[in-house]
Amino acid sequence: MSIETTAAPDDLVAPFQIEGEPVRGRLARLGAAVDEILAAHDYPEAVANLLGEACALAALVGSNLKFDGRLIVQAQGDGPVRYVVVDYDTDGALRGYCRYDPEAVAQAAKGFVRPGAKTLLGEGVFIMTVDQGVDMDRYQGITTIEGETLALCAEQYFAQSEQTPTRVRLAVGQADLGDGMAWRAGGMLIQNIAEDENRGPTAEAWVRTQAFFETIGEDELLDPTISAETLLFRLFHEDGVRVFEAKPLKAFCRCSQERIESVLTSFSAEERADMVEDDGLIKVTCEYCSSTYSVDPASLTAEA
């Protein structure tokens, strides 16, 4: 689609609370950030869609971390897409990639408008890993891939690993804002806050909020002319909704010349010799951002 009206702010996660109700959530809108991640590879549409959903999901979940660290969302299986992974740093930086069999993906996509996660990943597992940095233990939750979408995988994860009633909606598509077609992604997550003596029963409010949540269209999550505040008001204006300060998102890869050289020094001189190409250099391409680094093996020998 081509958009001619003014675009709303993008690349953010907006936390919100339903007024007077024990339900909280987050809304993610990704424009340039997800386009940079997906455009770095010549992914088939089905694979790009899967990775875009994983980016939106990582932003929704990771933005709730209360410490400096990162969240890793990944799914792997025996299907045409062997692996999808997205890193979210608590400063809002995202990176991700997919490993897949092009011929198998093309075959799986036949007859589907958009093959889902189960079709693409096959039998496998969905994993969320919380990395709190050095000297801290990692927390990892794992569930089997049961639902056809990553949203259903995430809902199952929260039900099993955190016993928190959670609903997730994800959307990925392309739009033309005047500079050609570009990828977009959006997502929304709502969670039921557990009842206690002060809060009282929460089940009725949860059912009511889910009814509003079910009315969200993928086009609304992706529409660059609808702001986060406008969309949330449309959905929850009957009860009222309080939107808190949004957290920015950006595409950022941690690869660098120094990191690549450090990794190469862990190999023996004989192993590095096998990596040298015809021009006498070792070429390393980052799986995440597709940046290629050239390294003179002589400089590594001097450091090793």
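This text walks through the packing inside one predicted protein model. Local features need pLDDT of at least 70 and side-chain atom pairs count only at pLDDT 80 or more, while totals for chains, interfaces and linings use all residues. Residues are numbered from 1 along each chain as its sequence is written, and side-chain values use heavy atoms, with hydrogens and water left out.

Start with the nonpolar cores. A nonpolar core is a set of buried Ala, Val, Leu, Ile, Met, Phe, Trp, Tyr and Cys residues joined through side-chain atoms within 4.5 Å. Buried means under 20% relative accessible area, exposed means over 50%, and partly exposed lies in between (1.4 Å probe, protein chains only). The largest core has 65 residues, and L51, L57, F126 and M128 touch the most other members. Helix α2 gives the most to this core, with 13 residues. Helices (H or I, at least four residues) and strands (E, at least two) are DSSP runs, numbered from the N terminus. A second, separate core has 22 residues, including V23, F212, F213 and L235.

Now look at L51. Which residues does L51 touch, not counting those up to four places away in sequence? They are I37, L38, Y43, V84, V85, V86, G96, Y97 and C98. Contact here means heavy atoms within 4.5 Å.

Helix α2 covers residues 45-62, and G62 is in it. G62 is buried, with a relative accessible area of 1%. Beyond its neighbours within four places in sequence, G62 is in contact with L71 and Y88.

Next come the aromatic rings. The structure holds seven aromatic pairs. Rings of Phe, Tyr and Trp (its six-membered ring) pair if their centres lie within 6.5 Å; planes under 30 degrees apart count as stacked, over 60 as edge-to-face and the rest as tilted. The rings of Y83 and Y97 have centres 6.1 Å apart and planes at 40°, so this pair is tilted. Y83 sits in strand β4 and Y97 in strand β5. Y83 is partly exposed at 22%, whereas Y97 is buried at 7%. The rings of F126 and Y157 have centres 6.2 Å apart and planes at 75°, so that pair is edge-to-face. F126 is buried, at 0% relative accessibility. Y157 is buried too, at 2%.

Finish at helix α8, residues 228-236. Its residues A228, L231, L232, L235 and F236 are buried. Seen down the helix axis, the buried residues of α8 fall within an arc of 105° (taken from the directions from the axis to the C-beta atoms), so they line one face of the helix. F236 also joins F16 and F212 in a cluster linked by ring pairs.
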